[in-house]
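These are my notebook entries on a structure that was new to me. I set down what I looked up, in the order in which I looked.

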Amino acid sequence: MTVAALSAAEAPLQASPRAVSRRRAVRRFKLSLLAPLIALFAFVLMPVLLLQLYFSVHQWTVYLGSWWDADYIGLDLFKEVLTDPRFGWAVLRSLAFATGSTVGCFVFGFLLAYLMHKPFRGQAIYYIIFILPMLTVPVVVAYTAEMMLYQSGPLNDVITRLSGIEFKPSWLSDPHLALMTVSLLEIWNWTPFSFIIMLAGLTAIPKEPIEAAEILGASKWRIFWEVQVPLLRPVILLALVLRFLEAMAEFPKTWSLFQGGPGSATETLPVYIFMTTWQYFEISKGAAMSYIVMLLMIVIVLFAIRLLRREKRSLDKMYEQTDSPKVEA
Amino acid sequence: MAMTKSQRRRITSGVRYVVLSVWGLMAFFPIYWIISTSFKLDTQWFAWPPYYFPSPPTLANYMNVWFGAEEYAQTQYAISSQKPLISLYNSTVIAVTSTFLSVLFGSMIAYGVSRYRILSEARMFQLLMLRMIPPIVIVAPLSLYYTAIGLIDTRFGLILVYFLTTLPYAVWMTKSFIDEVPLEVEQAAEILGASRWRTVFEIVLPLIRSGLVATFLFILILTWSEYLLALIITKTQVTTLPIELSKYQGSTEGRVYGRQAALAVGITVPLMIVGLIIRKHLARGFSFGMVRR
Amino acid sequence: MTKFNISRRTFVEGGLGLTVANFLPGTMPLASAATMEESTIAAAKSAGPAAVNGMIWSPYLVPMQPVIAEFSKQTNITIGAVQDISIFDAPQRAMAEALSRSPQFDFIHIDSNMIPSLVSAGYLEPLDEYMKKANFKIDAVGDYGTFMTYGGQTYGVPTDGNVHIQYVRKDIIEDPDNKKRFADKFGKELKFPQTWEEEQTIQEFFMDPSKDLYGSANLRNRANGPTWWYMIYYSAGGFPFDDDMKPTLNTPAGQYAVDIYLKDKKYNHPEAANWGTPQQIPRIAQGHVVSTQYWDGTAKLNENPAKSKTTGKWLYGLVPGSDFSGKRMHRSISSPLAAILINKYSPRKAQAAYLALWLGSGKNSIPIVTDPVNTFNDAWAKEHMTSDAVKNAYSPAGVKAIEANFQVVAPPIYLTGYLEFQDALGKNLSEAFVGQLPAKDVLKKTEDEWTAIIRRIGQSKLKKDLVSYKALMPKRLKPA
């Protein structure tokens, strides 16, 4: 920085040298707080994304030479991916899987949270049992499912014995069921997540509006829909969005259990990308696919972030009105 | 038919217990199945009809998987290289170190956001993208990049990516704790002449230590169970437990469920203990400031 | 990066040369009277001590350990770090190694059908030089040794024959009542099936789901299905490519094979679509299956009373053939044929190569292929066929069946891009098996996908590969 520029910057502030050095120190401090994040971006994320970009516009056939010698082909691969029906199906499967499991997690999680949000005897035990599935490693979930879901396995056996009706779906071999099986596993695995968030949300609802509504003689049903649900909106949105995004990326269970089969019933986006890259070694096509998926996800995420921020702001506003003035730097 | 209020309440309460208990059984049954299978003899792993209780229970699965007990190798499937203990060590080192880094630097960033607004709210949400983009889209170039710079199949390499992908959670979660620390404390420290770094490390972080522990354990859950990245960027040296689990297929018995279950119990139990310790804080970890208390 | 690689490789090779030079004066000249094993040891000693790293699956490694220990004692070449990975996952991991040109593994134990792909990716070290020095020769039954060659060079040492043989329940088809019932219904004698059609008749006739007895235990999942399909297709006179590397699947022979393949659904367990060896092998040994083609190692399991409920209840023989081409032809298959391959980029490749040769001698490998518990390594050498230990493990009839099938054994596709070709076919067959794709579209769709693969890898390159592939195909119609 030149002297002139420096003085020009300082002039309007009329700051004393001490204040300047303090401001500089603060800036240095702020920068050093951010340094690790910047370093991670610069040395891990950026090179990886650039490499990915390189692969997506160069055709590298692994049998024909080194990757740095690959031919530049422009956007051909993107065209290839976008016209590939398998890719389209994978997108649809992923969306179906994510939607189904998100809704499932939410419905069960909300139901359980609603039943548990007021204290009752044995609440703590139920809470502990309910969160256990979330603490099970996904790969373990997959192998446990393999142990339990064969046709004459324990699950069908228990249901048959309890109901007295022959219950024999082939959870793992029927192409019409396979994707649903993974969805059910996902729901089993992650309902605790929705449950925990909803429970926290429900217990955090201020009591006054509900009491006021009760005094006015509103039915439970109306209180639920017209008081509790609106107050819960941000939490509900959060539970849906996060679950959806995580479900779009689900890989360990789908892969360990099915590897895309039977037929191609469980070939979701992560599975198809994995196969393209690590089974067919079409690194370049996999890179193009990855970029498309990344863009798709970024669009979804940005949309979700907008919604979340809007909710958070209205939440903040609401609490600013009710709370004592918040301490802010 | 009219019901008194107490009757209605009793029925509601009864319905509640039934619904919760049914779900409780559904939640617990698979976990019971892993545990019981881990005590079963090989003939009961995959049977028609299934065995609901190990009879008689055996410790063979644990002895063989965790301690490589050789006497079982003669009659049943045995693993050759006695890896689970090594993998346990790897998993522990990798998960603990990356989580530590993530919480340490995450809380510093969170402090900066809370007090100096070093990241705008929009940036804070964008940070979440690190977590929300599926890891599958970067594993291929990551593995080539790691090969080029010599980080493939090293603990440090895995630690670095776990650090990166869990950082958003660490920032958000610790920020929610730091926001609760009254500003007056810091102002007092500043007046007493403490440097900014000392204020962070000696005043603020100690004040939120229970929050830091909760964040630490919360992120540990994520790093401990990660599968895809570990599958691609580890080989012989640093295999983690979830990867170890996937190769339990015997040559004659088919998949060796009992051994696998014994290993699965070993992987899952630490996680459950951790989860139960911080169960009160789980909501905060997931809620990104959307739940007020 | 290129520069770095070259300079290091040159450096390492230079170092190696020096070591060899230092050792040579001390070593004995190889006497012609020395056995193959002795000369392997001598050559290995000249390479110097080392701990070699590799990729190999536990069930294969466990029975090898005593044999390796003997080698280590004599040569100071030991096993270092091992990546324990399933044989079905190994090809992908090996390719990942190849494309990053990693020197990490000295040897990989893997399906030999990966040889063309791995050589093309620049990963494999030819073994001919080492074999010459060690006076070594792959002494396999039939033409099986050629399965290790590609472009005129040898790249692997087999440890596991893994040939398919036919399993038929003796107690069922030799039962006089059954014989009579069968003869009454079909007007012909019940005997060991000779053709696919005969086998399916038997499977259908005897299967009884109410007793949990199914006709077949053939694999029909996405990963393993093609292995079975090729047997039928080859036996019908089919070959997947013409001389111009155009796919020739969509032919009458191909459709015939698809039809036979899909008919199996009627006789197989309802969950066959997603079942692999973990589910089907126990069912074979526990007596839930009438007739099936399977890897020969399962005979060891069947004949081990501690593990099996069907000891002594099996007939072993040649896999069924077909009259489709006008001549009765039988084709067995070996896939995955587990073999040890050596990494070109490894600084310890000589040591690893000699270890592989040591494990690949007929005499040394007898204890490996007869392990009754870890039964993945199956007999393959000429010497195995006359060994009493082998006959004990597989039963004499089992050994005879192995020998017969080896004479007509074929590989699946043996080309660069094996995994891509294989999965395209596997996916489409699997989709048809579960009803997602009409049977008549399987081959059309596969051909289209294969054409795209061929375009990507290059027609002229694959035409060269085709020569090696054709060299592997058996010449006789049925075993002599």
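**Entry 1**

I began with Gly164(A), which follows α7(A) and has a positive phi, near 75°. Helices (H or I, at least four residues) and strands (E, at least two) are DSSP runs, numbered from the N terminus. The model is a predicted one, in which local features need pLDDT of at least 70 and side-chain atom pairs count only at pLDDT 80 or more, while totals for chains, interfaces and linings use all residues. I note that residues are numbered from 1 along each chain as its sequence is written, and that chains are lettered from A and ligands numbered from 1 in the order in which they are written.

In helix α7(A), residues 154–163, I found Pro154(A), Leu155(A) and Asn156(A) buried. A residue is buried if 20 or more other C-beta atoms lie within 10 Å of its own, exposed if 12 or fewer, and partly exposed in between, with C-beta atoms placed from the backbone. The buried residues of α7(A) pack against α6 (138–148) of chain A and also against α1 of chain B.

**Entry 2: chain B and its side towards chain A**

I then turned to chain B, where I counted 14 helices and zero strands. Of its 293 residues, 56% are buried. Two residues are in contact if their C-beta atoms, placed from the backbone, lie within 7 Å. Among contacts in chain B with a separation of 6 or more, 75% join residues 24 or more positions apart.

How many residues of chain B are in contact with chain A? I found 73 residues of chain B in contact with 76 residues of chain A. Helix α1 (residues 5–38) of chain B gives the most to the side of chain B that touches chain A, namely 12 residues. By class, that side of chain B has 55 nonpolar, 11 polar and seven charged residues. Here Ala, Val, Leu, Ile, Met, Phe, Trp, Tyr, Cys and Pro count as nonpolar, Asp, Glu, Lys and Arg as charged, and the others, Gly among them, as polar.

Chain B is divided into domain 1 (5–74) and domain 2 (84–247), with bounds from an automatic or database domain assignment. I noted 34 Å between the C-alpha centres of these two domains of chain B.

**Entry 3: two loops of chain B**

The peptide bond from Ser55(B) to Pro56(B) is cis, with omega near -10°. I located Pro56(B) in the loop between α1 and α2 (60–67) of chain B.

Asp153(B) is not a glycine, yet has a positive phi of about 60°. I placed Asp153(B) in the loop between α6 (136–149) and α7 of chain B. Is Asp153(B) buried or exposed? Asp153(B) counts as buried because 21 C-beta neighbours lie inside 10 Å.

**Entry 4: chain C as a whole**

Chain C has 21 helices and 14 strands. Its radius of gyration, taken over C-alpha atoms, is 23 Å, close to the 23 Å that the globule rule gives for 480 residues, so chain C is as compact as a globular protein of that length. The globule rule is 2.2 Å times the number of residues to the power 0.38. I recorded 58% of the 480 residues in chain C as buried.

The domain assignment of chain C gives domain 1 (2–161 + 336–396) and domain 2 (164–334 + 410–472). Each of the two domains of chain C puts 22 residues into the contact. On the side of domain 1 of chain C that touches domain 2 of chain C, α5(C) has the largest share, three residues. I listed that side as 12 nonpolar, nine polar and one charged residues.

**Entry 5: details of chain C**

A cis peptide bond joins Ser335(C) and Pro336(C), with omega about -5°. Pro336(C) is in the loop between β12 (332–333) and β13 (338–342) of chain C.
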